[in-house]
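Me: I'm new to this one. Could you walk me through a few of its features, question by question?

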Amino acid sequence: MPMKKKCISFALAALCLSGTALKADNYVDHRGHNVDSLERVVAVWSDDKVARAGDKELARLNQDWRELMLGYLNTDPERSCSFARKALRMGLDKDWKVAVWDAAKAIGQYHWHKERYDSAAFYYNIAVDAIDKMEVGAVDAAHPKGLSQFDIDNARSAMLGTIGNLYSMQDSIDLAMSYYARAGEIFKQYGWSSSLACLQYNTGETWRENGEPAKADEAFAEGLAYAKEAGDSLWIAGNKAGIGRVALERGRLRKAIRFLDEANQYYTAHNDQEFASLLENLDYTNQVLRLQKRQATIGMILALAALILLIISIFAIFRMEKFKKQNSQTEKVLEETIEEISPASEGDSIKLNEREQEILKLIAEGLINKQIADKVCLSPDTVKWYRKKLLVKFDTTTSSGLVSEAFKRGFLN
C-alpha cells in the first residue's frame, strides 16, 4: 500500500517521533544546529581513535552522531541514516539503552520513509526492547548519574507516538488513537507542549485522511494552541497548514488561504530545512487559488445569466402588460351592446360611439389597421373588428365605400 504522509515532511515526522528526546538534558534542538560545523568535529574520529577512547569521550561522540542523524534528516536522509547506524552499533556494544532506542527508532523511520515497512518494524522492536530494559537508577553514558523515570517516560512516549503513526498508516485507527492517547498522557504529565503540538498534528492528519474533517480540525486547533504555548514556530506552522488543508477540503477557501499563507511564511523563511514542507504547502495553496478563480468565473457567469434573465423578465412583463391592455380593449368591444345591424338606407339614422368616430376618421385618412392600432393603442385585431362594424353600419364592403357613405351622411367633413 502507498505510504501516507503522516507529517508535513520527513523531518517533521521524525521530530514528532523523537520530539520528546529534545527535552532531555543533553539534547539541543537540531533545527537551529550547524550540522556542517558538527560534522567537522566528528570527522577527526578515526577507527583507531575510537578504539582508544574512554566511555565519556565515546558518549559525547555518540551524542554528536545522533544530533547529525537528526540534523540531516530532512536534507539528506541517507546521510542521516548513516550516522544513526554508527550510533546504534556503538550503543549496542556499550549497552547504552538510550542511544539504542534513539538510533534504532530513527533508522526505523528512515525505512518507513522508503516504504520498507518490515524493516521499519524490525528497528522499532529494537527500540522498544531497549526501553523495556531501562531501569530507574541504571547508569547510561548519557546519564552517568543513572536513568530517571523522566528519561524512561521520555523514551516510552516517543515510541508510543511512533507506533501510533505506524498503525495510523495501516488504517488501524482505533489502535493508532489508543497509542496517541497513551503518549499524550506522558506529554501532559511533563508539560511537553511541543510534543503535544506534534501529537495533535498527527492525530489531525489521521482524522483528515480517514474522512473526519471536523475531528481533524479540532485536533489541529489543539495542536496550534500547544505550539503557541511552547513558542514552537515549526509546529505553529504545521498545525496552521493542517487547518488550511481541512478548510480546503470543506470548501472554506477564505479560511484555507489565510492559514496556508501563514504556514508558508514560516516555511519560506526556513526553506533550507523545510523545503519539502514548503513545496507541499504551496501545492495546497495553488489548489485554493484555482478553486477561487473557478468560483469567481462561475460567479461572473451566474451574474451575467441573472442579468439576462432580468432583462428577459422585464421585457416579458412589458409585453404582458401591453397584451393585457389590448385584451382589455378587445373585451370592452366585445362586451359592447351591439344591436343586430341591418343594412341602412339613406333615411336611416346611424349612431357611432366615440371610438368608432375616431377610427372612421383615421380610415378616411387612408391608414391601415396596424397604423390605426398604434395611434389609438389597440391591437390590430380590435381595429379590424371596428372596421367591420363600420362597414356593416354603412352597408358597404370597402373602405372607399365606407368613407363615401360617411361623407354623404355627414360623419366626415
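**Helices and rings**

Me: In which hand of crossing does α10 pass α12?
Reply: Keep in mind that this is a predicted model. Looking at how α10 goes past α12, the crossing is left-handed.

Me: And are α10 and α12 roughly parallel or roughly antiparallel?
Reply: Helix α10 covers residues 193-209 and helix α12 covers residues 233-249, and their axes are 9 Å apart. The angle at which they pack is about 20°. Angles under 35 degrees count as roughly parallel, so α10 and α12 are roughly parallel.

Me: How do the residues of the contact of α10 with α12 divide into nonpolar, polar and charged?
Reply: On the α10 side the contact includes Ala-197, Tyr-201 and Arg-208, and on the α12 side it includes Trp-235, Asn-239 and Glu-249. Sorted by kind, the contact residues come to five nonpolar, four polar and four charged.

Me: Is Trp-112 buried or exposed?
Reply: Trp-112, in helix α6, forms a pair with Tyr-124, in helix α7, 12 residues apart. Their rings are 6.3 Å centre to centre with 80° between the planes, an edge-to-face pair. Buried means under 20% relative accessible area, and with Trp-112 at 2%, the call is buried.

Me: What about Phe-411: buried or partly exposed?
Reply: Phe-411 pairs edge-to-face with Phe-394, at 5.4 Å centre to centre and 90° between the planes. Phe-394 has 2% relative accessibility and counts as buried. Phe-411 has a relative accessible area of 25%, so Phe-411 is partly exposed.

Terms used: Residues are numbered from 1 along each chain as its sequence is written. This is a predicted model: local features need pLDDT of at least 70, side-chain atom pairs count only at pLDDT 80 or more; totals for chains, interfaces and linings use all residues. Side-chain values use heavy atoms; hydrogens and water are left out. Axes are lines fitted to C-alpha atoms, for helices over the stretch in contact, and angles run from 0 to 180 degrees between N-to-C directions. Helices (H or I, at least four residues) and strands (E, at least two) are DSSP runs, numbered from the N terminus. Angles under 35 degrees count as roughly parallel, over 145 as roughly antiparallel, 65 to 115 as roughly perpendicular and the rest as oblique. A crossing is left-handed if the near helix is turned anticlockwise from the far one by less than a right angle, and right-handed if clockwise. Contact means heavy atoms within 4.5 Å. Ala, Val, Leu, Ile, Met, Phe, Trp, Tyr, Cys and Pro count as nonpolar, Asp, Glu, Lys and Arg as charged, and the others, Gly among them, as polar. Rings of Phe, Tyr and Trp (its six-membered ring) pair if their centres lie within 6.5 Å; planes under 30 degrees apart count as stacked, over 60 as edge-to-face and the rest as tilted. Buried means under 20% relative accessible area, exposed over 50%, partly exposed in between (1.4 Å probe, protein chains only).
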